[in-house]
Amino acid sequence: MTDENFLSFLSRAHRGEVSVGGEQCELRLLSAREMLTLRRSIASGDFDDAEQRALWGNAALLSLTLYRNGETVFADAGAALAALGVGEINALVERYAALDGAVNPSVEDGRGEIEALKKD
């Protein structure tokens, strides 16, 4: 791996662009600490079933990761749930997962991808 490729790998953007309600927004990755805090919040919530927990958790994730003009788009999970449909929430969370996978490759993503990164 050349120095230039290595520096490029290290400086990959932890952000992506998405459209929310027809407006461009920035999708930012959470730090490990922020993700642990979110997971604790979800685990301590009072939910009727796993589907409700998952939907609320996804909305909470979006409330922490979507920004427009330097400010979060949604004040909290409730605001995200009120503004977005289930399909929109799922699509945005899939985009978050794709961004996270691109920035933080894992052996679970496939050995071929990891080997290609090593060779670069």
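Helix 3 and helix 5 are oblique to each other, a class that holds the angles left over when those under 35 degrees count as roughly parallel, those over 145 as roughly antiparallel and those from 65 to 115 as roughly perpendicular. The model is predicted, and local features need pLDDT of at least 70, side-chain atom pairs count only at pLDDT 80 or more, while totals for chains, interfaces and linings use all residues. Residues are numbered from 1 along each chain as its sequence is written, and side-chain values use heavy atoms, with hydrogens and water left out.

**Overall architecture**

The chain contains six helices and four strands. Helices (H or I, at least four residues) and strands (E, at least two) are DSSP runs, numbered from the N terminus. In order from the N terminus, the elements follow the pattern α-β-β-α-α-β-β-α-α-α. The chain has 120 residues, of which 27% are buried. Here buried means under 20% relative accessible area, exposed over 50%, and partly exposed in between, with a 1.4 Å probe and protein chains only. Of the contacts between residues at least 6 apart in sequence, 57% join residues at least 24 apart; contact means heavy atoms within 4.5 Å.

**Helix 3 with helix 5**

Helix 3 spans residues 50-65 and helix 5 spans residues 86-103; the two pack at an angle of about 60°, and their axes are 10 Å apart. Axes are lines fitted to C-alpha atoms, for helices over the stretch in contact, and angles run from 0 to 180 degrees between N-to-C directions. The crossing of helix 3 past helix 5 is left-handed. A crossing is left-handed if the near helix is turned anticlockwise from the far one by less than a right angle, and right-handed if clockwise.

On the side of helix 3, the contact is made by Leu55, Asn58, Ala59, Leu61, Leu62 and Thr65, which meet Val86, Ile89, Asn90, Leu92, Val93 and Tyr96 of helix 5. By class, this contact of helix 3 with helix 5 holds nine nonpolar residues, three polar and no charged. Ala, Val, Leu, Ile, Met, Phe, Trp, Tyr, Cys and Pro count as nonpolar, Asp, Glu, Lys and Arg as charged, and the others, Gly among them, as polar.

Val93, in helix 5, is buried, since its relative accessible area is 15%. Leaving aside residues up to four places away in sequence, Val93 touches Asn58, Leu61 and Leu62.

**Helix 2 with helix 3**

Helix 2 (residues 32-43) packs with helix 3 at an angle of about 145°, with the axes 10 Å apart. Helix 2 passes helix 3 in a right-handed crossing. Met35, Leu38, Ser41, Ile42 and Ala43 of helix 2 meet Arg53, Trp56, Gly57, Ala60, Leu61 and Leu64 of helix 3. The residues of this contact of helix 2 with helix 3 comprise eight nonpolar, two polar and one charged.

Arg53, in helix 3, is partly exposed at 32% relative accessibility. Apart from residues up to four places away in sequence, Arg53 touches Ile42, Ala43, Gly45 and Phe47. Ala54, also placed in helix 3, is partly exposed at 40% relative accessibility. Arg39 belongs to helix 2 and is exposed, with a relative accessible area of 56%.

The table lists C-alpha separations for pairs that involve these residues.

| Pair | Separation in sequence | C-alpha distance |
|---|---|---|
| Arg39 and Gly57 | 18 residues | 8.0 Å |
| Arg53 and Ala43 | ten residues | 8.4 Å |
| Ala54 and Ile42 | twelve residues | 8.4 Å |
| Val93 and Ala59 | 34 residues | 8.6 Å |

**An aromatic pair**

One aromatic pair is found in a search of the whole structure. Phe47 and Trp56 form this pair, which is tilted, with 5.6 Å from centre to centre and 50° between the planes. Rings of Phe, Tyr and Trp (its six-membered ring) pair if their centres lie within 6.5 Å; planes under 30 degrees apart count as stacked, over 60 as edge-to-face and the rest as tilted. Phe47 is buried at 18% relative accessibility, whereas Trp56 is partly exposed at 26%.

**A residue with positive phi**

Most residues other than glycine have a negative phi. Asn69 is not a glycine, yet has a positive phi of about 55°. Asn69 is located in the loop between strand 3 (66-68) and strand 4 (71-72), and at 76% relative accessibility Asn69 is exposed.
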